[in-house]
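This report describes selected features of one protein chain, from its overall make-up to individual residues. Please keep the sequence and the model in view while reading.

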Amino acid sequence: MLHYCSIHVYVNEVVIFSLNMASCSCCPAFRPRYKRLVDNIFPSVQSEGLVRSEMEKLTYYAVSAPEKLDRIGDYLARRLTRDIARKRDQSVFVAMEALNQLLLACHAQQINLFVESFLKMVATLLESDNYNFQALGTNSFEKFSKIEEDTASYHRRYDFFVSKFSAMCHSNEENLSIRRKIQLHGVHGLRGVIRKTVSDELQVNIWEKQHMDKIIPSLLYSMQNSQEKNPSDAASDVEQPSTLAEESLRELLSRAAFSNVSAAIYPALAHMDNHELWAPDNSFAIKSFKIIMYSIQGQYSHVIVKLLLDHIDTHDNNDQPIRASILKVLCAIVPIPASTAIGPSVIDVFNRLSQHLRISAESTNQKTFQTALIETTGVLSSVVPDYQKLEAMSFYINRALEAISDHDLREATTADLNYSSLLLQCIQQISKTYRINTLSSLSSSLLEPLLKITLNVGPNDRLIAQNVLLVLLDKNNNRTKLKLVNSESDIDQLGLVSSTASKQDCEFLDQRLHSIYLWLYECFTLEDNSTDNFQALYKLVSVLCLSVMSADVILELCRIVLAAQNSVVENSGESFQVDSNQQTMQLLSSTAACILVLAHLSAVPEFQHYANQVMLERNSVAPQIMPSFTPGRKRLNNTLLDSSSLSKIVFSSTLISDSLRGRGGFNVEKLSQPLASYQIDTVSADGHRGPVDIESINIEFPINKEAPSMTAVGVKPVEAITYQYFKQLLNKPPISRKEQIEINSKVAEHIKSVPFEQLMAERPPDPCVITRNWINQVREAEDFTTEDDDGLDALHFPSIYAY
């Protein structure tokens, strides 16, 4: 009985509680306080707007009891959804205004639960077809993005807002004015998402590909359509989507870390491709990437350069305008962050460009792309230090030499020749921004290939290489002042600046100057030189002397120039035809200008007077070989000169020696020595090549009588191998190319015609074995002592190996 009564009492209490809840839902007096406060902010007449006094009570209640915030938010969200369904637009605005005020007033830890309700309400507004509701939701979200929350939210997601705001940026509303407003709100919304997420590592990772693929193209699209302005907006000061999108893009990229830069650039490149913004007009692409380059941190700018170079590879060779346009964009943005644009791997960047040159050289319709590559090389090199410019030039010149070094120039393929020419043009672009401080900075890896390739290419490419060398040797910027001169007075007007060799330059002079001397002579005597080639050689002689001016340099250059002049004069016989060919006239003109400059720099009045006398005589007898002769000038009819007349219009080494004799520092005896036998190249113990005077060698080698005899194998015996024998061979003039070809032909014919047994009988012993045995016997001799046995191995024995 007692148990039954307990159950009856419990049932009655449940019924009473249910009746009380029902009565609360029907009677406002029994409703929860937060609901009554929320209901009171809505006016009885919708047009009156938010009830301010009741809003203050609700705000005070929310601040006093922050644990109720989640319930307040949930109740407001349910009312908002109901009002939207019932088309109560004013109630919707009142609800959102209340939410905004509560967000600004409350900063408790429980704010996260309230924010979830707020974001649901914003999402509901954005999903509506009503433009005003979309604007209302966007404005509320932007205000929310400016609030700094005290606690992080690990579960909050913004995927919907990124997608919705991006879609608004691409709105295709027919009404242009409304479309502008929707796009503007879309950009505002994306800006809010960026502010809310990009600086908070605990929030959703906005740099993920799925988000960047929507945000970056949407901002670029809003910037791209800036030209479509509404006439009514143009008259008033209305905020434009393009301006706001640019600000948002700058804000986003300014906060990008190194690992996030690529995530933002890939969508930008894809947007340019999809909307065909590379060509024919790439102004928007240049503008966009300038904004990107200015916005990101300077130390990350090299990533942009790398990604643009990578993007070129995604387009095939048929997309030449697009590939060239990408390079133009690269040229426009590289100077912005200065030397950090290329990054640490400078040679890798230039290697990428050279690979594109190699591919384009094999095609005949890549002129636009090749020009863009050459221009890009110059722009990239302009932002790196001078030592890296030298490395880049060394890299390119060795690539160019490899392209044509495997075969004779006449046998080289068109692709190889084009590739070599393109690389030389790139080197010329790099040299334009190079500033030389000392000649010692020129390494052999740059200088020697540059000298070598000049002798193995055509006149046009040779001129490019000569101009590059002119820049590398010009310490005082004299190349822009030099002009062809006819007299001493003309040189005074040039304003040339000279300098002596510094301590660092002395090393350069000792190791490499001799190679330049011989190279100058070879260049002067090439048969296919053009007028520009001869003028470049005149500048090279002048600049070299002005950069390291000394008596020895002046004398050596005089030897070179006189030897070049005599190469066309000495074999003329009793008469000489002045204008026999253009090559001869240009050579005599350029060498005369060189002698005038060298005489001026020597500061020896006798030498200067002699040079002026020769030029005056030449002007009256053969004006067509004056340095500054113009084609329209009248020529003399008698151009055939006898030896007596010829000696008056060409320079004589004997007369120059007489004018310099007795002057301090000028060893005039060198002028009388033949050019081919004056010096030889030897390899020192440290591996450097340098000029060595033959007369300084004074070593006697004892000969072992038991050395193998060459007559034992049927070979004609040669002279005893003594120092005098070596000296005679070294002083012997070198064999010309024509003679060498004839000798090779005779040997080849002999090998083809005689039996094999006879060839074996005629075969001489291995010269390397003979030389090694001979050196060992010399070392064992009792009267031979040396401090450095390795020095003997460093000597070369060209006569034996030539045999």
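## Helix α27

The expected span of a helix is 1.5 Å times one less than its number of residues. Helices (H or I, at least four residues) and strands (E, at least two) are DSSP runs, numbered from the N terminus. Helix α27, residues 582–602, contains 21 residues, and the distance from its first C-alpha to its last is 30 Å, close to the expected 30 Å.

Of the 21 residues in α27, 19 are buried, so the helix is mostly covered (buried means under 20% relative accessible area, exposed over 50%, and partly exposed in between, with a 1.4 Å probe and protein chains only). The residue after α27 is A603, which has a positive phi, near 60 degrees.

## Basis of the model

The model is predicted: local features need pLDDT of at least 70, side-chain atom pairs count only at pLDDT 80 or more, and totals for chains, interfaces and linings use all residues. Residues are numbered from 1 along each chain as its sequence is written, and side-chain values use heavy atoms, with hydrogens and water left out.

## Overall make-up

The protein has 803 residues, 47% of which count as buried, and it holds 36 helices and four strands. Its accessible surface is about 40300 Å², with 51% belonging to carbon and sulfur atoms; accessible areas come from the Shrake-Rupley method with a 1.4 Å probe, and for residues only the protein chains shown count as cover.

Among contacts (heavy atoms within 4.5 Å) with a separation of 6 or more, 73% are between residues 24 or more positions apart.

S171 sits in the loop between α8 (159–169) and α9 (176–197). With a relative accessible area of 12%, S171 is buried. Leaving aside neighbours within four places in sequence, S171 is in contact with R179, I182 and Q183. A polar atom of the S171 side chain lies 3.4 Å from the backbone nitrogen of E173.

N132 belongs to helix α7, residues 131–145, and is partly exposed at 43% relative accessibility. The C-alpha atoms of N132 and D89 are 9.3 Å apart, although 43 residues separate the two along the chain.

## A nonpolar surface patch

I735, I743, V747 and I751 make a nonpolar surface patch of about 340 Å². Patches are made of residues with over 30% relative accessible area and no salt bridge; like charges are joined within 9 Å, and nonpolar side chains (Val, Leu, Ile, Met, Phe, Trp, Tyr) within 5 Å. A salt bridge is a side-chain nitrogen of Lys or Arg within 4 Å of a carboxyl oxygen of Asp or Glu.

I735 lies in the loop between α31 (723–731) and α32 (737–753). I735 is partly exposed, because its relative accessible area is 47%.

Terms used. Polar contact = N/O pair within 3.5 Å; in protein donor to acceptor, adjacent residues only side chain to side chain.
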